[in-house]
Amino acid sequence: MHALKTYPGSCHCGAVRFEIDTDFPELTMCDCSICRRKNALMVKVHEGQFRLLAGENNLTEYRFHTHTARHYFCKVCGIYPFHRKRVTPDFYGINVHCLEGFDPVDIPVRQAVGAAMP
Ligand SMILES: [Zn+2]
């Protein structure tokens, strides 16, 4: 079990920087049409545990299907650092590969079913 810690994260070019507080209860892989293509491994955090530090103007928003989930990516380097969740819009899904000093070893990975959602 990981302790509750603050993890800094960024996109590849560094324009978008953020930090989250989490103890990594689990990671999720989603099989929806966009997550499959991103191959993202995510951790879910409440918006109160997420802080965007820089790069708000560098974020581009992509919406599809029901247009509730908001998928953000950096318009400079194209990396997807996080998105707003569709079923639980006050939560962010964070791409754990954008976090500094994070080791996914020993954290359970849950396969989320996005493709089967209406
Ligand atoms: Zn970038």
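User: Which residue is the bridge partner of V45 in β9?

Analyst: Y92 is the bridge partner of V45 in β9. Before going on: this is a predicted model, where local features need pLDDT of at least 70, side-chain atom pairs count only at pLDDT 80 or more, and totals for chains, interfaces and linings use all residues. Residues are numbered from 1 along each chain as its sequence is written, and side-chain values use heavy atoms, with hydrogens and water left out.

User: OK. How many bridges join β4 to β9?

Analyst: Five, and the two strands run antiparallel. Strands here are DSSP runs of E with at least two residues, helices are runs of H or I with at least four, and both are numbered from the N terminus. Two strands pair if DSSP finds at least two bridges between them.

User: And what joins β3 to β4?

Analyst: Two bridges, again with an antiparallel run; β3 covers residues 27–30. M29 stands opposite L41 in β4.

User: Zooming out, how many helices and strands are in the protein chain?

Analyst: One helix and 10 strands. From the N terminus the order is β-β-β-α-β-β-β-β-β-β-β.

User: What are the overall dimensions?

Analyst: The C-alpha trace spans about 35 × 35 × 25 Å along its principal axes. The radius of gyration is 13 Å, which agrees with the value near 13 Å for a compact globule of 118 residues. That radius is taken over C-alpha atoms, and the globule rule is 2.2 Å times the number of residues to the power 0.38.

User: How much of the chain is buried?

Analyst: Buried residues make up 38% of the 118. Buried means under 20% relative accessible area, exposed means over 50%, and partly exposed is in between, with a 1.4 Å probe and protein chains only.

User: Which strands form the open sheet, and in what order?

Analyst: Three strands in the order β1-β2-β5, with antiparallel pairing. β1 (5–10) and β5 (50–54) are the edge strands, each pairing on one side only. Neighbouring strands in this sheet are turned by 25° against each other on average, direction ignored. Those angles run from 0 to 180 degrees between N-to-C directions, and the axes are lines fitted to C-alpha atoms, for helices over the stretch in contact.

User: How many bridges does β2 make with β5?

Analyst: Four, in the antiparallel sense. F18 stands opposite L52 in β5.

User: Switching to the inside: which residues have the most contacts within the largest nonpolar core?

Analyst: I20, F24, F82, I94 and L99, in a core of 22 residues. A nonpolar core is a set of buried Ala, Val, Leu, Ile, Met, Phe, Trp, Tyr and Cys residues joined through side-chain atoms within 4.5 Å. The elements giving two or more residues to this core are β2 (17–22), β4 (41–46), β7 (70–74) and β9 (91–95). β4 provides the largest share, three residues. Apart from this core lies another one of eight residues, among them C32, C35, M42 and Y80.

User: Where is F24, then?

Analyst: In the loop between β2 and β3. Leaving out residues up to four places away in sequence, F24 touches H2, Y7, V43, V96, L99, F102 and I107; contact means heavy atoms within 4.5 Å.

User: What's the phi of F24?

Analyst: Near 50°, a positive value in a residue other than glycine. Most residues other than glycine have a negative phi. N39 has a positive phi too, near 55°.

User: Is N39 buried or exposed?

Analyst: Exposed, at 53% relative accessibility. N39 is found in the loop between α1 (33–38) and β4.

User: Back to F24: what lies 3.0 Å from its backbone nitrogen?

Analyst: A polar atom of the T22 side chain. T22 lies in strand β2 and counts as buried at 4% relative accessibility.

User: Last one, H71. Which side chain does it join in a polar contact?

Analyst: The side chain of K38, at 3.3 Å. A polar contact is a pair of N or O atoms within 3.5 Å; within protein, one must be able to donate a hydrogen and the other to accept it, and residues adjacent in sequence count only if both atoms are side-chain atoms. H71 lies in β7 and is buried at 6% relative accessibility.
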